[in-house]
Amino acid sequence: MICLSRRVLAHFLLQLCFCFICMCGSLAEVRYSVPEEMQQGSIIGNVARDLGIDVTELMRRNARVVAEGSRQFCELSAETGSLLVSERMDREELCTQSAPCVLQFQLLLENPLKVYSLLLDIQDINDNSPAFDNGQIELELLESTVLGRRFPLESAHDPDIGANSVQHYQLSESEYFALEMNTQVDRNAYPELVLKKPLDRENQADHFLTLSGVDGGRPSRSGTASIHIHVLDANDNVPVFGQRVYKVSAQENSARGSVLVKLNATDLDSGIYGEVSYSFSHVPDKTRGILAVDPVTGEVRVTGALDYEEASSHELDVQAKDGGGQSSHCKLIIDVIDVNDNAPIIAVKSNSATVPEDASPGTMVALLHVYDLDTGTSGRVTCEISDDVPFKLVSEVKNYFMLVIDGVLDREKCPHYNITVTAVDAGTPPLFSSKTVAITVTDVNDNPPIFRHSDYSIQFAENQPQGTPVIKVRADDADEGQNARILYSLSEDAASLFSINAENGEIFTLRPFDYETSTHFSVQVMARDGGSPPFTSTCTVRVFITDQNDNAPVVLYPVQFDGYLADDIVPRAAPAGYLVTKVVAVDADAGHNAWLSYRIVKATQPNLFSIGLHCGEIRTLRPFVEDDEIKQTLLVSVSDNGPESLSATATVNIMTEDGLPIIDELFARGIDESHAHNDLTLYLILALAGVSSLLFVLIIAMVYMRLCRHRYMYRSTANLPVFPPTYGPPGYSDVSRFTTLQKDDRYNSFLTTGSWRGDFRFGSDFVDFDMQNKSGSSVHVGGRSTARATLLVPHKF
C-alpha cells in the first residue's frame, strides 16, 4: 500500500511538472493531473502562481472557479491561490471507460472580467476489483466433444482502465480443461475454456472449476466465478451469429418499444439442441434498463430513455445459447444520434441585487453563464433581453454574458427591475429558456423637497394665547429613507414671532398678536432634506390678523374731566329738531366692531332731547316751556357693534338761555333729518352688500373715501363755534388704518353715518376752539351768543 502511494505521488508530481512546463507556453489555460478519490481539501495546485496572478487580486476581483456542469468538484482558496478538492471525484462515475478523463473549469475574475481555462485530468487508481456478472457459470458439454474444443466464458469487468483493468485470467487446476485467451475484433480479450482430455460422463458427470480475473494494479485485485460443467450426450454444433459485430444508430429519446436491430444466430443441430436463446452477457451501468433483447426472436428494443448527453454509444456482449448449453457471442454497438432535446441553461454566476440610481452606464450588474448540453448546431445559443429596460447584454467571452447599465436609472420612476433573460438555441425546432434577474435601484439624494403650495394665506384672530397653532405646511420629497426625511425651519425675522415643529411643519405663535399694532406677517419657511449634500426649498406663509372686539369706544367730546364738564348753551326759544350738540366717540377696532351706536340712558327730562342712533347728534324733541329746568343733564351710552358689545358713557350738560338767536341753518338741517335717516339706510345696505366680497368692498371704500373728502372736507367752517383744546384727551393715538381714527386726514370717511350733517369737522393738524358770531366777532365759551362749533382732531394726540 505504501509502495502504491509513493508511486501515485511520483506520478502526480511528474504530471504537475509537465503541466507547469506547458503552462509557461500559454497562461490562458492550465492543466492539472490528479488521481481520483483525493480527499476533500487536498491541494491540486497553486492557480495564482501558475497563472502569474497576484494573490491580493483574487479577493479584490471576486475570483472563483466555475464548473461546466452542475457539480463543483474543486474550489479556490482566495487567501493562498490554491485549487482545492471540494468533493469526491470518481473517475469511473465521471468517465466510465473513457480515457483520458478531463474536467473543464473556468477561473473567473471580475472588474474587469477575465476568464482562464482550467483542465483537470483525472487519473485512474486501482480502486475496483474485477467482477463477473454471473458468479455461477453453467456449461453443458457432450461427452463426445472433440479435444481442443473452445468454450467462450464470460469476461470479468473492471471499471478501472489501463493497467488497473483486467489483465489476465486464472483457472483452478483441472486435468480435463485449460484456459486460453481469445481476442475480438475490437481487441478486447475474453477467456475460453479448452478441452484437453476426453470427457466420460459415466466416469465423471460434473466438473467444478474456479475462474479468476486479475487486474494489473499494484497490488492487484481479482474476482472469481464458479464454473459448473455438466457432461451431456453429444451436441456437436454451436449457434453461429450472422455477424460478429452488429452496429446500428438510434436517435435519442426514441420511443419505448422501438426495435433497433434483430440478431440472428443459427444452430445446425435439431430438436432441443437447435433451439437458440438470446441474452446480454454483460450490461454496463449506463445501459441498464435502457435496452432489452427478446430471448426468442433476438429483437433488441428500447425499454428506457436514450440520452445522447448521458451516453453517446452503447456496447453490449450478446450470447446465443442452444438447448444443449452450447453458446457463442457477438458484439452489439448502438450509436446514439443527438437531437435538439435540451433547452439552453442560464446560470447566474454573479448578481448585484442593488445598484444606486446614479450608477454610470456600462456598470456590470450581473454575470450570466449560458450553455446548451446539445452538440453541433443545436448547442449554439443566442441571448437577449427586452428593449424597454435601461440594460443590455455584453459578451466578451464565449458563453458568458455581462448585464450592464445602458441608460439613466431613476429610482423615483422605477425602483425595481425584473429583467427576463431569454436564451434560444439554433436547433430545429429551436428551444429556449428564460431566467429573471431582479435588480433593485437604491436611492440617492437627487430631489429637493417641494412644498404643496408656494404661498399660504391664513387669517388668524388677534389676542390668541402663546402656542396657538397657526397652520401646518407640508413638503414632499420624491426620494426615500434619510434622503426624504424633511426638517422645517423659519427665517430669522420670523423666529421671534412664530415657532415651527421641525418634524411635521406645524407653526405656532410665540406671543399674542394685536390687530391694532400689526395687521399681517410674511413668514419664510424652509424645508431641508436629510441627504448629503442636503437640498432645500422655501415657501411663504402670509398671516393676516383679523380684528376682535377688544377695544371699547372712547368719547372725544364732550371731554369728561373729573369734577368739571363744559355746558352746551341752547336758545330757550329753540324749536323742535334743533341741533343742540354732538357726542363724538371713536373705536380702535375695525369694521363692524367699530360701528358705534348712541343712546340716552338717563336724562333730567326724558322727553326733551333725542340723540341720533349712529351720528350722536343731540336735538330737541319739542320747544322749551317755562317749567323746563334751565340746566339739563344727559347720560349717553356709546356701544360698538362687536359680537360682545363694549360701551362707554358720556355726560352732557345743557344750559338754556333766553335771548340767544336761533341759527336758521341748524334748524333747516333739523327739518332734513328724515333725509339723513334715508341716507343711513342706504349706507347700511351698501355695507352689508360689501361684506360678501372683501375685495370689492375695499375698492368701493377707497373710492368712497376720496369722494367724501372732496365733497365734504371743504365746507365752510365760518361762523361755527369752536371748543377749547382741553377737550381732546392727551396721548390719544391712532392704532390701525382700518379704525375710526387715521394717521392722516382721512378720518372723515370713518365717521358714523350722517355725522357730516352736524356741526363738527375733522381737521388734520390741531384742535382750535373759537366762537364767532354772525358778524365775525369772537365769543367765549359760556357766553350767551349763539354759535356753531367746529372740532378739529389732530392726527396724533
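Author: Ser522 stands opposite Arg542 in S40. This is a predicted model, in which local features need pLDDT of at least 70 and side-chain atom pairs count only at pLDDT 80 or more, while totals for chains, interfaces and linings use all residues. Residues are numbered from 1 along each chain as its sequence is written, and side-chain values use heavy atoms, with hydrogens and water left out.

The facing pair belongs to strand S39 (residues 520-529) and S40, which run antiparallel over nine bridges. Strands here are DSSP runs (E, at least two residues), as are helices (H or I, at least four residues), numbered from the N terminus; two strands pair if DSSP finds at least two bridges between them. A hairpin of six residues joins S39 to S40. S40 (residues 536-546) also pairs with strand S33 (residues 455-461), this time in the parallel sense, over seven bridges. In that pairing, Ile458 stands opposite Val543 in S40. Strands of a sheet pair through backbone hydrogen bonds, either parallel or antiparallel.

Three strands, in the order S2-S5-S4, make up an open sheet with antiparallel pairing. Strand S2 (43-46) and S4 are its edges; each has a single partner strand, so one side of each has no neighbour in the sheet. Three bridges connect S2 and S5, in the antiparallel sense, and Gly45 stands opposite Leu83 in S5.

A nonpolar core is a set of buried Ala, Val, Leu, Ile, Met, Phe, Trp, Tyr and Cys residues joined through side-chain atoms within 4.5 Å. Buried means under 20% relative accessible area, exposed over 50%, and partly exposed in between (1.4 Å probe, protein chains only). The largest core has 30 residues, and Phe105, Leu107 and Leu120 have the most contacts inside it. Elements giving two or more residues to this core include helix H2 (47-51), strand S4 (74-77), strand S5 (82-85), strand S6 (101-109) and strand S7 (114-123). S6 provides the largest share, five residues. A second, separate core of 26 residues includes Phe498, Phe521, Val541 and Ala590.

The whole structure holds 26 salt bridges, each a side-chain nitrogen of Lys or Arg within 4 Å of a carboxyl oxygen of Asp or Glu. One of them joins Glu110 and Arg64 (2.9 Å, N to O). It spans 46 residues, from Glu110 in the loop between S6 and S7 to Arg64 in strand S3, and both Glu110 and Arg64 are buried.

Arg411 and Glu480 form a further salt bridge (3.4 Å, N to O). Arg411 lies in the loop between strand S29 (400-405) and strand S30 (416-425), and Glu480 in the loop between strand S35 (475-476) and strand S36 (486-490), so the pair ties together parts 69 residues apart in sequence. Arg411 counts as buried because its relative accessibility is 9%, whereas Glu480, at 40%, counts as partly exposed. Through shared partners, salt bridges join Arg411, Glu412, Asp443 and Glu480 into one network.
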